[in-house]
Amino acid sequence: MADAEETDNRIDGETEEKPRTRHKGKHDKDKPWDDPSIDHWKIEKFDPSWNESGMLEVSSFSTLFPQYREKYLQECWPIVKGSLKEHGVACELNLVEGCMTVSTTRKTRDPFIIMKARDLIKLLSRSVPAPQAIKILNDEMQCDIIKIGNLVRNKERFVKRRQHLVGPNSSTLKALEILTGCYILVQGNTVAAMGSFKGLKQVRKVVEDCILNKMHPVYNIKILMMKRELAKDPTLANENWDRFLPKFKKKNVKQRKVKTKEKKPYTPFPPPQQPSKIDMQLESGEYFLSDKKKQAKKWQEKQEKQAEKTAESKRRREEAFVPPEEPTKDPRASTDDKNDVAQIALSLKKKAKEFGKQKSAENIDAETYIAASEGLSGKKKLKKNSRT
């Protein structure tokens, strides 16, 4: 009876649904991996005891290599083979087909080592030296092969931008290696990089920005240097660094204006047909001449052209022996020059006289001048007395 009543109430809609109570943090229990002291990005070294049975199936990878790498691979193959043998991986160098192959064996314990071996042969085919490429077998080391050949269509632009990435004396590349902590090799249409995941991400961004002409590598290096300094400050660890980083604006270079051809007025009628060679011969009357006369006419035209060329060459040779025209002197100009010289001479004489007078006045002593004047006055008196 009670069940029947409940069903009736549900049908009538009289009963109200009870809200579900939610307890916040009900399942928030302490978990062993939530400890802040644990580094979640750390890769633990593989222990062979974790996989004692080995691999059930054989996995293999192969990659082609260019012909110019054949000699080097032959020399360094024993080193590569020995390093892979330590991890239980077999390798084969096929010089006929030009490929390298790696495969798992019964002694292989680490399931991920075959992926590392695949990266090793990829790096070897991209001109990375064998001692450097073998480092990829370590758990801490990762690799990235960036394809840059298909990012730019124009070959000249591609070569120029790739050179920007390398820099003068490989200085830009060395700076990028120091800041990212990665090994970088620019070869042909690819850039091979080896390092940590964080460093590889930075390298890929810098390389793509350079090849796509978004930002020069030097500016990216400046930003990385700023980030390196900011990371040292623990107070800025959880803050946004955009306000500290420099912002470089791309300067638009003025391009040359393309000369547009003037559009001619549209005419529905086609242009008049040009006369053919036979029509021109008919007009000049040459068509009706015999073969001998035609040859004689051609020979005469040839002789005339030859005579014109010889005359022109002779005239050019004789130009070197023609004396240059001497400049003619104007008589009026000569008289004017003489008058000017006479006036200058007179003015100089006047100046010399004035200068002499000034010097004589400066050299006269006052006592001698007075004595001379007194002597003259005494003589004048004697003359007057004698007259009287």
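Predicted model: local features only at pLDDT ≥ 70, side-chain atom pairs only at ≥ 80, totals over all residues.
**Confidence.** Colour the chain by pLDDT to begin. The average over the chain is 82, and 81% of the residues score at least 70. Next, select residues 1-16, where pLDDT stays under 50. For this segment the model has three contacts beyond four places in sequence. Helix H1 spans residues 2-12.

**Asn51.** Move on to Asn51, which is found in the loop that runs between helix H1 (2-12) and strand E1 (60-64). Its relative accessible area is 16%, and because this falls under the 20% limit, Asn51 counts as buried. Display its side chain together with the backbone of Gly54: a polar atom of the Asn51 side chain lies 3.4 Å from the backbone nitrogen of Gly54. Leaving aside residues up to four places away in sequence, Asn51 touches Phe46 and Arg109.

**The second largest pocket.** The pocket holds about 340 Å³ of space. Colour the lining by residue class to see five nonpolar, four polar and six charged residues.

**Thr172.** Finally, select helix H6, residues 171-180, and within that helix Thr172. Thr172 has a relative accessible area of 8% and is therefore buried. Which residues does Thr172 touch, not counting those up to four places away in sequence? Show His164, Leu165, Val166 and Gly167, then Pro217 and Ile221, to display these contacts of Thr172.

Methods:
Residues numbered from 1 in each chain as written. Heavy atoms only, no water. Helix = DSSP H or I, 4+ residues; strand = E, 2+ residues; numbered from the N terminus. Buried < 20%, exposed > 50% of the residue type's maximum accessible area, 1.4 Å probe, protein only. Polar contact = N/O pair within 3.5 Å; in protein donor to acceptor, adjacent residues only side chain to side chain. Contact = heavy atoms within 4.5 Å. 1 Å grid on protein atoms, 1.4 Å probe; cavity = no way out; pocket = protein on both sides within 12 Å on 5 of 7 lines; lining within 4 Å. Points joined across faces, edges and corners; volume = space filled by probe spheres on them. Nonpolar A, V, L, I, M, F, W, Y, C, P; charged D, E, K, R; others polar. pLDDT = per-residue confidence, 0-100.
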